[in-house]
Amino acid sequence: MQLSRKPKRYGAVAQFFHWAVVILIAIQYTWAWRIDETEGLRARFELITQHKTIGMTVLMLAILRLVWRLFHAPPPLPKHLANWEIWAAKLGHVALYGLIFIVPLSGWFYSQAAGYGDYWWGPISFPSLIEASTAAEDFFYELHELLVKLLMAVVAVHILAALRHHFILRDDVLKRMLPQWRK
Ligand code: HEM
Ligand code: HEM
């Protein structure tokens with residue numbers, strides 16, 4: 001019998017990227033809410049700076065993650081899935097990969113258009129790629145707002161799909177994205 005060389009689960013690095021991005025994105029929504037709730041100018045500025053730093057970190061992780069992914073194929077989906085389910089999963093993953101790039105990019109461009117640029121862990125910053133203007137500021141703000149809503153919607157479907165696999169189809173799709181505590 002020939003043993004399959006395909007992995008059965010996501011490796012530690014792929015899992016690290018997945019869950020680190022999940023945690024940082026959850027923080028981003030919480031921070032956006034905190035910014036809205038905060039009155040003082042200085043406190044708001046601090047929170048926005050942290051929001052930018054965390055967002056630019058997501059962008060860095062997304063780049064590293066995509067490079068890693070190009071060289072490490074994911075485990076194949078279970079055989080019992082219908083064609084449409086396989087395509088839906090692929091489409092969902094492509095959309096999520098796209099969103100973890102364009103959501104931070106839209107925030108960064110919004111910030112540049114508003115004349116503030118980015119912030120990344122204090123003194124480190126990236127070059128400004130566009131001229132500041134009110135028209136660009138309005139455009140990128142609307143875009144950032146729209147994309148964060150889209151991300152929320154796609155993530156909600158993604159979570160429901162993961163839970164469906166675990167509780168209804170009772171396969172190992174969720175488990176293989178979780179650390180394996182016992183052999
Ligand atoms: C994964 C990455 C990110 C997520 C999930 C995210 C999410 C959000 C959310 C939910 C809001 C509130 C939108 C609203 O008011 O309706 C927001 C606002 C904002 N974001 Fe992001 N963001 C990300 C990355 C970034 C980055 C990288 C920057 C800039 C470098 C940025 C800059 C901003 C700014 C300036 C605001 C407006 C804050 C305010 O004045 O209320 N974001 N973001
Ligand atoms: C911000 C939130 C999230 C994002 C951006 C995200 C993104 C992704 C992406 C891009 C993949 C494909 C990985 C690859 O093939 O390289 C993936 C897989 C996966 N995610 Fe998420 N995810 C999020 C939240 C969650 C949550 C909360 C759960 C658990 C309830 C979850 C469970 C899974 C599982 C089980 C897989 C593997 C699916 C398979 O084996 O085909 N994800 N996720």
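Helices here are DSSP runs of H or I with at least four residues, and strands are runs of E with at least two, numbered from the N terminus. Counted that way, this predicted model has four helices and zero strands, which follow one another along the sequence as α-α-α-α.

Let's begin with the overall dimensions. The C-alpha trace spans about 65 × 30 × 30 Å along its principal axes. The protein has 183 residues, of which 15% count as buried. Among contacts with a separation of 6 or more, 66% join residues 24 or more positions apart.

Now to the ligand, which may be where you want to look next. Ligand 1 is surrounded by 21 residues, and the closest are Q28, A32, K52, G55 and G107. Each of the helices α1, α2, α3 and α4 supplies at least two residues of this shell. Their ranges are as follows:

| Helix | Residues |
|---|---|
| α1 | 12-37 |
| α2 | 41-71 |
| α3 | 83-113 |
| α4 | 134-169 |

By class, the shell around ligand 1 is made up of 12 nonpolar, six polar and three charged residues.

Which residues touch the most other members of the largest nonpolar core? They are V58, I100 and F109, in a core of 14 residues. Two or more residues of this core come from each of α2, α3 and α4, and α3 gives the most, with seven.

Apart from neighbours within four places in sequence, I100 is in contact with V21, V58 and A62. One of these partners, V58, is also among the core residues that touch the most other members.

Methods: Residues numbered from 1 in each chain as written. Chains lettered and ligands numbered in written order. Predicted model: local features only at pLDDT ≥ 70, side-chain atom pairs only at ≥ 80, totals over all residues. Near = placed C-beta within 6 Å. Nonpolar A, V, L, I, M, F, W, Y, C, P; charged D, E, K, R; others polar. Core = buried A, V, L, I, M, F, W, Y, C linked by C-beta atoms within 7 Å. Buried ≥ 20, exposed ≤ 12 C-beta atoms within 10 Å, placed from the backbone. Contact = placed C-beta atoms within 7 Å.
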